[in-house]
Amino acid sequence: MSSQGDAARLVWLRPDVLSIAAGALIAAVAPLERFDWVARGLTASSLADEAPSAQVLLVTAAPEDLRDGLCERSLRGLLDGGRARGALLVPPADGFCGDVGRSAGAPAASAAAPVVRLPTGLLRLSAGEVVGFASPAAEERAAELGALGVTAAPWVIKKAPQSVPAVSLRALAEHQVPASALEGRVAVVAVGAGGVPPQAIATSALPPAKGVAAVLGGLLEGGRRAEAPIWAAAACVLAAGGFVWLARRRYGSLVATSALLLAAFALAAVQSLLAARVEASLLPLPSALAGLAVAFAGIMIARGLGTKRAVDRAAELIQRAALFRMQGVHTLPDEEFWPRVARLAEQAHPADLVLVAELPPGSWHLKFWNDVQDGESLVAERRHDVRRPPYSSEQGVPAIRLARRFLTKQEMPAVVVPLIAFGEIEGYVFFCGPVAESTFSREPERAEHVGRELALLLRRKRLARTAEAGAGGPWEEGDPGGGHEPTDHLVEGARVALDDLQVFGSMLRNAPVGLLYADAFGDVRFLAPAFAKWLKAREVAVPAESASAALPPGSLTLGDVIGATAAGSAAVTLSSVMASDEGIELSVTSPEPAVLSVRPLRRESDGSSWIAGYVAALIPVKQASPVSGNVRPLAARDATDPLCAFQLGDLVADAVASAARATGRAVRLEPIRGATHALGHRGELTQVLEAFLTDVASRGLPGHGPVVSVREAPQGVQLSILDVGFGLGLPESALQRVLTAPGAAPAGLEPLGRLILAVEDSHGHAELKTNDGWGITLTVTLLRAHPRVGATTHESGKPAAQQNVIAIGRAGPK
C-alpha cells in the first residue's frame, strides 16, 4: 500500500505534469503585462453595445460658433432649461466655453448641473482608442466628475459610436432641437466641423470626443470591466493543458496539436463570454496563451522523450533476452552441442542416418554422438582408432571415402568424412544410407564443403574451451564453475554477448532485407512476421514467437525453410549456401512471386573463416507494368545475333587475348571451372566485353591489371572481373550509378554501361562488390544452357596465348 501511495505522489513530479503547472503559474503571474493591457482593451472594444444611449448626448460646436461666444452665452441656459445631468467639456472646447460653471450672481452651493472640464490624464487609451477612465481622486473637481458618473474604470464596454446621439450647439441654441433632448443626460461638448448636415454631426466631432462619449455612455449603463482574479487564468490553462495532455496520451501528436488550437480558441471564446456578463472578467490572454504554449511544449517533449526511453528500453530488453538464449558455440554442453552438429550435417548432406564422432584431445579413439540414444551401438567397428580403416586409408592418411560393413546393418553404406582443420583431426561425420552413397558418387565436393565447415566449427569450440581452462575458467579440472569471482562470469557473459552482437552486426550489413536469422547449427533464431506468414502459407509448422521475437533452438531449421521452396531442394541447396560466400537465390511463385535469398555469415580469425550463422530474406518480385502509349519501345535486335547457347569460357578467352594485344598489358585469366555453357547474344557480348577489358586494362596501374575468372555457380554461369575500381579510377559508389542507369553512363564509363546493357539483353544481371581493400569485382551472371549430347563444338579453335596473357592452371572442360 505504501508503494502505491508513493507512486501516486510521484506522478505529480512527471515532466508533462510539471509543464502544465508551470504554464498555469505563468498565466497567474502574467509576465506579458503590456500585451495583456492591449488585449483587454481590444476585448472591451470588440464587445461594444450598439443600443442607443439614454445617458449621453454629444454636442458639437463649430469653430466659428466658439469664436462668437455661442458656447459661453447659451450652454448654461440650455443645461438648466433642458434639466441636463451636467456637461463634460472635451479639449479644445473647454478653452472657448469660458467659466460657464459659475453663473453671475449664482450662489456657490447652487444645485445647477455641473460643467466640468475633462482632464487629459483621466483617459485610459489602448491602441489609440479610449477604453476607460483613471481614478479622478486627485482632481480638484473629483466630486463634480463623480456627479457626472466619471469614476475609475480602466476598461469599459463602450457604446458604439453610431449609438450615441449627437446634435450641434447652434441647433440647440436656435431651438431647432428641443432642449428636452438634454433631460437626464450628460452633454459631452466637443469641437466639430461646421456646415455639415444633421446626419453627419456625430462623425464630425474631433478625437477624442467620440471615444469619450462612447466610453462614458457605456460606463453609465453598467459597462465597467476590471481584471479577473489571478486564479481564473491559471484555472483556464490547467483545464486546457489537461485536455491537450489527454489528447496526446490517447491519440498522438497530431491530435494533440489540434487540441491545442481548439483550446486556444476556447480560451478566447471564454474570455468573450465572461467579458460580456461579468465585471471582473478580463483575463491576461497573451500570458495565458504563453502559459498554454509552455504546457504544450512540455507535454510534447516529455512524451517524446518518454516514448524514446520506452522504445530504447524495450529494444535493449528484447536484444538482451535474445542474446542470452543464443549461447556461444563453446559455452554449450556436449550433450547439446554434438546433437546440434549432427542436425546441421543432416541438413547439408542427404542421408538416411547421420553420426558424428568427437576425437578427444590426446586420444586416437572416437566418441560417437547423434540425435538417437547410444549412437555408438549402431557402429559395427569397435576399435574406433582413427589410425586404421575405415577412418584412414591403408597408408594411415585420413580422407573422404565410402565404407561398407561399417554399421551394424551390413547392407547400409557410409560416407566417412574426416573433419580436419589446419592439419588436425577434430572429429568425423558419417553420412549413412543409399541416399548418401548416390549423392557422394554424383557430387563428391559436397561432402568436402560440409566437412570443412564442421571442422572449423569444432576447432572454434575446442580452442575456446582450451583458452578458458588455461585461464582458470569454468571448465578447469576439479572446479567446474565454482570457486571463482562473480566478475569472472560477468566478463564471460559480456564476451559472449559481444560475440553475438558482432554476428548480428554482420547480419545487418549482409542481409538484403534482414527477415530471418539462423545460428551456426542451422536453427532459426529470429523470424520476422512476414516470413512466418509465408512459411505458414507453404504449410510449414512455425512455432509461436516469444516476447523477444526469438525462437528456441530446434523449433525450426533452415533446412525446413529452404525445403518450403520446392520438394527435395533442402538437401541440394544448404550445402551450396555453405560453399558460396554470396549465398543462393531461389525463386518461388506462391502465394506471391518472390525470391528467397540465403547467405552465410562468416567470421574471420587467425587466417581462417567459419560460418557463424545464416541470414535469409524473402524479396517480393514486382510484376512488370504495361508499357504506356507514350513510351517509345527499344529498337528490335538484329536477327543476325539471336539468343543462342555458347561456351562462355571460349568467349572470355578470346576477349582477354584481344584486350592484351590491344593494350600490351597483362590480363590474367583464372582457370575456367566447369563447362560454362551459357545462353545469350554471343555477338554483342563479344564486342562489349573486348571493349570493356581493353578500357580497364589500359587505365590500370602497372602490375594491377584485371583478373578474369569464369565458373559455374548455383545461380548460373558467372564471369568475374577483379580490380574494376583500380582500372576505372572510381569508387564503388560511383560505379553503382552505372548499374542503375547503364544507358546513361557518365563520361568515361560508357564501355561498362554497354556491357551491362548487353548482359541484361541476354537475360542476365551484373553486380559490383567491394573486396575489403582488394579492389572492386564486377560479377556477371548469365543463364546456364544445357546442350544436348553430341552437340557440335565451336568451329573456331582456341586462340594461342599471347605473351602478356597469364593463364593460371588448365582451362576447364568445354
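Modeller: Two strands count as paired if DSSP finds at least two bridges between them. Helices (H or I, at least four residues) and strands (E, at least two) are DSSP runs, numbered from the N terminus. In general, strands of a sheet pair through backbone hydrogen bonds, either parallel or antiparallel. Here, S13 and S14 (residues 414-421) pair in the antiparallel sense over three bridges. Alanine 403 stands opposite alanine 414 in S14.
This is a predicted model, in which local features need pLDDT of at least 70 and side-chain atom pairs count only at pLDDT 80 or more, while totals for chains, interfaces and linings use all residues. Residues are numbered from 1 along each chain as its sequence is written, and side-chain values use heavy atoms, with hydrogens and water left out.

Colleague: What is the order of the strands in the open sheet of five strands?

Modeller: The order is S12-S11-S15-S14-S13, with antiparallel pairing. At the edges are S12 (367-369) and S13 (401-403), each of which pairs on one side only.

Colleague: Which strands does helix H14 touch?

Modeller: Contact means heavy atoms within 4.5 Å. Axes are lines fitted to C-alpha atoms, for helices over the stretch in contact, and angles run from 0 to 180 degrees between N-to-C directions. Helix H14 (residues 334-348) packs on the sheet and touches S11 (353-358), S12 and S15 (424-432); its direction makes about 135 degrees with that of S11. Helix H15 (residues 434-442) lies across S13, S14 and S15, running at about 60 degrees to S14.

Colleague: Which residues of helix H2 are buried?

Modeller: Buried means under 20% relative accessible area, exposed over 50%, and partly exposed in between (1.4 Å probe, protein chains only). The buried residues of H2 are Asp16, Val17, Ser19, Ile20, Gly23, Ala24 and Ala27. Seen down the axis of H2, these buried residues fall within an arc of 160 degrees (taken from the directions from the helix axis to the C-beta atoms), so they line one face of the helix. On the other side of H2, Leu25 and Val29 are exposed.

Colleague: How many residues does the largest nonpolar core have?

Modeller: A nonpolar core is a set of buried Ala, Val, Leu, Ile, Met, Phe, Trp, Tyr and Cys residues joined through side-chain atoms within 4.5 Å. The largest has 62 residues, and Val429, Phe431, Leu527, Phe531 and Leu535 have the most contacts inside it. A second, separate core of 41 residues includes Phe646 and Leu693.
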